[in-house]
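Here's a quick briefing on the charged side-chain pairs in this model. Have the structure open and follow along.

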Amino acid sequence: MPVERNRVVVRVPATTANMGPGFDCIGMALGIFNELIVERSDAFAMEIIGEGQAELPRDASNLASYQALSLALRPRSGLLARSTTPTLSYVLKNAIPFARGLGSSSAAIVAGLLAGLTLAGHELSVQQDEELLNIAADLEGHPDNVAPCIYGGLQIGVHTGRRWMSTRVSVPHGLQAVLFVPDTPMETATARAVLLPTIQRSEAVFNIGRAAMLVHAFNTGRLDKLQEATRDALHQPQRSGIMPVLFPVIDAAIAAGAHGAFLSGAGSTILALTSGRRGDVYVQRSDERKEKEVSDAMLAAARAHNMPGKIYVTHPVELGAHVVSVEPADASNSQSV
Ligand SMILES: Nc1ncnc2c1ncn2[C@@H]1O[C@H](COP(=O)(O)OP(=O)(O)O)[C@@H](O)[C@H]1O
Ligand SMILES: N[C@@H](CCOP(=O)(O)O)C(=O)O
């Protein structure tokens with residue numbers, strides 16, 4: 001019997017998609033989280049705190065809006081169709097920079113879906129048909145942000161012709177992610193518009209080998225393979241035309257000791273992977289830690305191209321979207337999906 005709720009708090013992670021060669025397929029969750037609070041209310045209200053508070057829409061066009069997401073669910077499975085959509089109020093506590101290639105739109109979609117489903121008391125299968133993934137990926141159009149956002153960790157997402165499916169890849173302990181986040185946003189739609197509709201066979205071969213090598217490097221902890229494994233021929237060269245800072249920042253990060261570096265999602269963030277040579281970051285020797293050198297090098301290269309921005313140092317996370325609390329509470333009021 002579904003248990004309806006009056007209030008729910010959910011948390012969702014940032015994600016880095018593509019990771020070089022895995023265009024539209026590979027993505028990883030990062031330790032930057034947005035929190036969404038949704039409550040049944042007499043009147044619609046939306047408060048945005050943090051990233052995007054001045055820019056993001058405060059109406060039903062906001063991707064976290066339950067009303068919009070519940071409408072999206074109706075034709076699919078009849079979920080929520082029987083009840084009228086309730087009036088809700090929202091508080092978005094955003095730490096994920098938006099329109100910077102860190103999956104803020106996917107985070108909003110997944111958070112809205114999870115909050116809406118929790119309020120309505122509906123459950124979706126996560127393990128077999130991966131219903132939540134399928135709804136979210138249909139809304140986003142590609143699975144490489146929504147899959148790691150839902151499940152955490154590093155995920156490979158593919159479409160079988162019938163449905164989306166995902167596979168988890170293990171992530172070596174102690175890996176750090178140094179992000180250069182430009183002050184200038186890059187809408188994903190803009191960065192997709194520069195891509196050609198067809199590719200050369202040589203470009204496909206280039207990426208197939210490296211995507212396989214990337215997964216192998218993560219599975220085995222062979223971080224020395226990442227420099228080659230994060231190279232790409234399908235989107236980075238094309239996108240560097242509208243982001244001239246891309247390759248200079250990647251080259252600077254690698255010269256400073258990063259294992260590999262790539263455009264995060266559709267940009268504008270550039271991400272470098274560091275450390276992780278042995279064990280946990282807390283037991284690494286200082287000469288194995290490269291975040292400071294890599295950060296400085298990325299900032300200097302960006303500055304040389306008149307591209308101001310900020311550095312975030314974070315790490316991959318295995319925790320995906322989860323319910324933090326519900327009201328009224330019950331015995332299982334904290335669950336990971
Ligand atoms: N709650 C939301 N959080 C983030 N973006 C949103 C939200 N609601 C609507 N949007 C729209 O989605 C855009 C961000 O999506 P996108 O361009 O794919 O970048 P990102 O790489 O951050 O996902 C914003 O510029 C905004 O127009
Ligand atoms: N595969 C997509 C990924 C977009 O990620 P985002 O974080 O920029 O929304 C693409 O490269 O277009």
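Let's start with Asp183, which is partly exposed at a relative accessible area of 38%. Keep in mind that this is a predicted model. The tally of salt bridges comes to 13, and a few of them are picked out below.

**Asp183 and its partner**
- Asp183 pairs up with Lys310 in a salt bridge, with 3.3 Å between the closest N and O atoms.
- Lys310 sits in strand β10 and Asp183 in the loop between β7 (175-182) and α5 (188-193), so this contact ties together parts that are 127 residues apart in sequence.

- Arg7, Glu39 and Glu327 are joined into one network by salt bridges that share partners.

**Arg168 with Glu318**
- The side chains of Arg168 and Glu318 form a salt bridge at 2.6 Å, N to O.
- Here the link runs between distant parts of the chain, 150 residues apart: Arg168 is in strand β6 (residues 164-169), while Glu318 is in the loop between β10 (309-314) and β11 (322-327).
- Arg168 is partly exposed, with a relative accessible area of 43%, and Glu318 also counts as partly exposed at 43% relative accessibility.

**Lys93 with Glu35**
- Lys93 and Glu35 meet through their side chains in a salt bridge, 4.0 Å from N to O.
- Lys93 belongs to strand β4 (residues 88-94) and Glu35 to strand β2 (residues 26-40), so the pair ties together parts that are 58 residues apart in sequence.
- As for solvent, Lys93 counts as partly exposed, at 37% relative accessibility.

Technical notes. Residues numbered from 1 in each chain as written. Chains lettered and ligands numbered in written order. Predicted model: local features only at pLDDT ≥ 70, side-chain atom pairs only at ≥ 80, totals over all residues. Heavy atoms only, no water. Helix = DSSP H or I, 4+ residues; strand = E, 2+ residues; numbered from the N terminus. Buried < 20%, exposed > 50% of the residue type's maximum accessible area, 1.4 Å probe, protein only.
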